[in-house]
Every structure is written in structure tokens, then in C-alpha cells.
Amino acid sequence: MTAPGTLPPVGVEAVELWTVELPLVVPFTTSFGRQTSREIVLLRVRTDTADGWGELVTPPAPVYSEEFTAGAVLVLGDHLVPRVLAPGSDLTAELIVDRLDAVHGHRMARAALETAVLDAQLRTAGRSLADHLGAVRDRVPAGVSVGIPDGGIAELIEQAEGYLDAGYLRIKAKIQPGFDAQAMAELRAAIGDHVALQVDANAAYDPDDDAHVRALDAVDELGMTLIEQPFAPDRLRDHAHHAQRWRTPVCLDESIHDRIRARDAIRCGATSVVNIKLGRVGGVLEAVAVRDVCRDADVPVWCGGMLESGIGRAANVALAALDGFALPGDTSASDRYWREDLTEPFVLDDGHVAVPTGPGLGRTPRPAVLAGAAVVRFDG
Ligand code: OSB
Ligand code: MG
């Protein structure tokens, strides 16, 4: 498909961080913790033409990866924004990547900055992100990621049935030791064999623990679409070992932090499907590069999520519209997360979410939301 074309630079005058607290409609529990709301940090670049927005997708604590919101805000203010603004402020997304190249890690923080500059460039050019990236569809199939409910298996079944009634095309259930094979067998029996069902362990299993491996072996019998990130991010060899024993495809999330890791994980047989999150890999450009590596290896990808507001969701949905995104993503509608999204909401229609067509991300925060936000500004 088409590589992202070149866009003229924008003259960046300032970078602002807008922080808002948004309660989740239902608590979200994974093997790494329980969240009842998100502290959302939106990043705005002010330019001499159009402004641009990005979303910092970090969780509140360093439990999914090393990154967490307070740390990312510090890194942005002390290290990333100064590098980007100092050597002259005519910027492109590519220049952001270059200027931040010497910084290790902190990919979600970098992604927020890169996305905002790309959004400003696209708004200036009057072009949508999906169009710019070479989208091949105008709506994307939507799955839903269901946390481990406080009420256990009965509540999981009730939630999953509700989402299926609403039209979601596949269910992803979170698992952890003690809430896995039995729960999934009951869920499978309740929703039927025809429903696409997959599990996500968020690295909660120890491949050196026989009981853990036995539990995953039992999950493997349940006709799952895939099993996402059973083991710790660095344990590629363990993923590869069990991937060749299981009938269920292994899909890595946390492990895949850039295109090189994607290539290595595929080559060693650790992953046969990849969850792409633009925050986890450091931005839109790297996310497309990861897709390219996967496509060259005939590995299907899908778009993951980090409980984003409409700003981050807009970027995810554009990404999910690209060639190679072959499975429904965690690109759910706004009302699966929020009573009121920060932007015009994304809605579910016939199991799909429409790809924004407006310039840039095609979404901006509603002014009423911004009125309540805490703002920090960095000038060039
Ligand atoms: O592992 O995919 C994950 C949310 C936060 C952190 C990690 C993950 C998730 C999800 C939710 O599964 C995906 C979404 O609906 O945004
Ligand atoms: Mg995951």
C-alpha cells in the first residue's frame, strides 16, 4: 500500500498538556490492576497554522509497561518537549522521531507529541489521517475487551452477552491465574462456539510454573481466536516454545515495542498475530512500520487500545483502517468506556465504527471538556 506521503512542516509555537479525569462506565480489571477512571492527558501543539492534538495513553502506574502518567508528564516537560522545540520549531512527525531518537523508551510520551504534530500538519493540509496513511476501509470491525468483573464469571457472561447484543463482533476476555480455564469454559458455553472469543493475560503467567502452564493448556482447548501475551514481555523464547505446542495462535502485545522486536518475535515463532498500539510503539509512523514488518511476513495484525478518549480513539480507528489489520480491534465505541467522551463520540453501527473523515484526527475535544482541564504550557 501507499507509504505515508510527505506533508509540509508546521511552525510549533508551544506545547500544552491538558489533564482531565474521566470516570469509566464500568471498572476495568486486568491481571495488573483495577481502574475505575482514567486521568487523561491530551497534548496540544500550537502552531502558526492549525493546532494539533494527541493523547497520552499511559496508565496511572507502571504495571502494563515501565510507563505511567506522572512519569510521562515529567519526561515530556523536562526531556521531550525541550528537544523538539529548541533546534528550530518548523516540525514534522518525522522530525519529532529524529529529535527524540537519542531518548530511550518513553514511547507513549513520544507518541503523544508525534501524533499532535502529525494532526497539526494534516489539519493544515486539509487531509484526514486515514487518507494520509492509505486507509483501505471507511469503517472498522469492532471488538470489545472485557475486564475481570468484580462479580466474577456470572458478571462476565452478562457483560459479554450485553456487548454481543449491541453488535460487537468479538469478545476479548482478560484472564489471570485463578480466573482462566474454568471461567472461559463457562463463557464459551454461554455465548456459543460461533462467537469469536480471545483471551488476554497481560503477562500474568509464569512459564516455569507447571500449574500456570496447565491452566493455559486448558484454555487452549476452548477454540480461542488467539491468546494475547501470556508471559512477560522479554520472554520471547517461552512464547515461541508454547506457541508451537498450542493450537491457539499466540498474539503479542507488551513484547512488541517497535518494528525490530516485531521482526524478531515473528522470526523466532513467538507470535503469529500482532496487537499494534501506536502508544506502545512510540507513534503512528512506528505503528505503520510494525504493520509493514508483519505484512511482509504474512502475520495478521489488529489494533489494540489503552482505554482512550475520542482523541486517541480517532488515531486508533484510522490505523485500524489500514491494509493488514485483519481482525476486529479493541476499537470499541465511546459509550463502552465513557458516559460522555471528550470528543464527539464514536458509535457502534452494525458492529463497526466509522473512520473519521475530517482533517487530521477528525476529532477535537469539546470546549466544555476543556473548560474543566488543568493546563501546563511549554513555550518554544
Ligand atoms: O492489554 O490490551 C491491553 C487496556 C489498558 C491496558 C492494556 C490493555 C487494555 C485493554 C483495553 O485490553 C483495550 C481498550 O478497549 O482500549
Ligand atoms: Mg493486551
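**Pockets and cavities**

Modeller: In this predicted model, let us begin with an open site: α2 (93-99), α3, α9 (259-267) and α11 (284-296) each contribute at least two residues to the lining of the second largest pocket. The largest share, three residues, is that of α3.

Colleague: What is the volume of the second largest pocket, and which residues lie nearest its centre?

Modeller: The volume is about 320 Å³. Of its 17 lining residues, D101, R107, R110, V281 and E286 lie nearest the centre. By class, the lining comprises seven nonpolar, three polar and seven charged residues. At least three lining residues come from each of domain 1 (10-126 + 366-379) and domain 2 (131-354).

Colleague: How does one describe the largest pocket?

Modeller: One gives the volume, then the lining. The largest pocket has a volume of about 380 Å³. It is lined by 19 residues, with S65, E66, R107, E254 and H257 the closest to its centre. Two or more lining residues come from each of α1 (69-85) and α3 (107-125). The lining divides into five nonpolar, seven polar and seven charged residues, and each of domain 1 and domain 2 supplies at least three of its residues.

Colleague: How many cavities of 30 Å³ or more are found, and where does the largest cavity lie?

Modeller: A cavity is a space where a 1.4 Å probe fits but cannot get out. The search of the whole structure finds six of 30 Å³ or more. The largest has a volume of about 250 Å³, and F28, K174, G305, M306 and L307 are the closest to its centre among 22 lining residues. Its lining takes two or more residues from each of β1 (10-30), β2 (33-47) and β7 (170-174). Domain 1 and domain 2 both contribute to this lining, so the largest cavity lies between them.

Colleague: Which residues lie nearest the centre of the second largest cavity?

Modeller: They are E55, V57, L278, G312 and N316, from a lining of 13 residues. The space in this cavity is about 90 Å³. The largest share of its lining, four residues, comes from α12. Because both domain 1 and domain 2 give residues to the lining, the second largest cavity lies between them.

Technical notes: Residues numbered from 1 in each chain as written. Chains lettered and ligands numbered in written order. Predicted model: local features only at pLDDT ≥ 70, side-chain atom pairs only at ≥ 80, totals over all residues. Heavy atoms only, no water. 1 Å grid on protein atoms, 1.4 Å probe; cavity = no way out; pocket = protein on both sides within 12 Å on 5 of 7 lines; lining within 4 Å. Points joined across faces, edges and corners; volume = space filled by probe spheres on them. Nonpolar A, V, L, I, M, F, W, Y, C, P; charged D, E, K, R; others polar. Domains from an automatic or database assignment.
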